[in-house]
Amino acid sequence: MHEVISANINRIKNFFKYTKNYFVRNNPIKAFADEFVMALKNVLSMRKKQKLVKYRLNYQMGKLKQMEKLIAANNDHVFLKGRKFNEMR
């Protein structure tokens, strides 16, 4: 009976040792604090990121409109503006 009790106590001690070592290696409080700090940084820098994305989008839209103008100017079939139509007239 005494051996069974001591074996159970040893198992409980080992369980608490493993649990303690796990919390030392993977500190959930520290992980939560790090995640909170990163989320706060992201929230505070959101306006800057939004401006950067808006700038990039406007730049790409400007390039797209420029390409569309070039294509429309050199396309023979857009609203009867092409050279072939003028030559046929």
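## Helix H1

Helix H1 covers residues 2-25, which makes 24 residues. From its first C-alpha to its last, H1 reaches 35 Å. That is close to the 34 Å expected at 1.5 Å a residue. The model shown here is predicted.

H1 is hardly covered. Among its 24 residues, the count of buried residues is zero.

## The chain as a whole

The protein chain has four helices and zero strands. Read from the N terminus on, its elements run α-α-α-α.

How much of the chain is buried? Buried residues make up 2% of the 89 residues. The accessible surface of the protein chain comes to about 9,200 Å². Carbon and sulfur atoms account for 64% of that surface.

## Helix H2 and its cap

Helix H2 spans residues 28-44. It has 17 residues. H2 reaches 24 Å from its first C-alpha to its last, close to the 24 Å expected at 1.5 Å a residue.

Which residue caps the N-terminal end of H2? Asn27 does. A side-chain oxygen of Asn27 lies 3.2 Å from the backbone nitrogen of Ile29.

## A nonpolar patch

Seen from the surface, H2 has another feature. Phe32, Phe36, Val37, Leu40, Val43, Leu44 and Met46 form a nonpolar patch there. Together these residues have about 770 Å² of accessible area. Helix H2 gives the most to the patch, with six residues.

Take Leu44 as one member of the patch. Leu44 is found in helix H2. Is Leu44 buried or exposed? Its relative accessibility is 67%, so Leu44 counts as exposed. The cut-off for exposed is over 50%.

## Aromatic pairs

A pair of aromatic rings is described by the distance of the centres and the angle of the planes. The count comes to two aromatic pairs. One of them joins Tyr22 and Phe23. Their centres are 5.6 Å apart, with 70° between the planes. This pair is edge-to-face, because planes over 60 degrees apart count that way.

## Helix H3

Helix H3 runs over residues 46-74 and has 29 residues. It reaches 42 Å from its first C-alpha to its last. That is close to the 42 Å expected at 1.5 Å a residue.

How many of the 29 residues of H3 are buried? The number is zero, so H3 lies largely in the open.

Terms used:
Residues numbered from 1 in each chain as written. Predicted model: local features only at pLDDT ≥ 70, side-chain atom pairs only at ≥ 80, totals over all residues. Heavy atoms only, no water. Patch = residues over 30% accessible without salt bridge, like charges linked within 9 Å, V, L, I, M, F, W, Y side chains within 5 Å. Areas by Shrake-Rupley, 256 points an atom, 1.4 Å probe, with all protein chains shown as cover. Salt bridge = Lys/Arg side-chain N within 4 Å of Asp/Glu carboxyl O. Helix = DSSP H or I, 4+ residues; strand = E, 2+ residues; numbered from the N terminus. Buried < 20%, exposed > 50% of the residue type's maximum accessible area, 1.4 Å probe, protein only. Expected span 1.5 Å × (residues − 1). Polar contact = N/O pair within 3.5 Å; in protein donor to acceptor, adjacent residues only side chain to side chain. Phe/Tyr/Trp six-rings, centres within 6.5 Å; stacked < 30°, edge-to-face > 60°.
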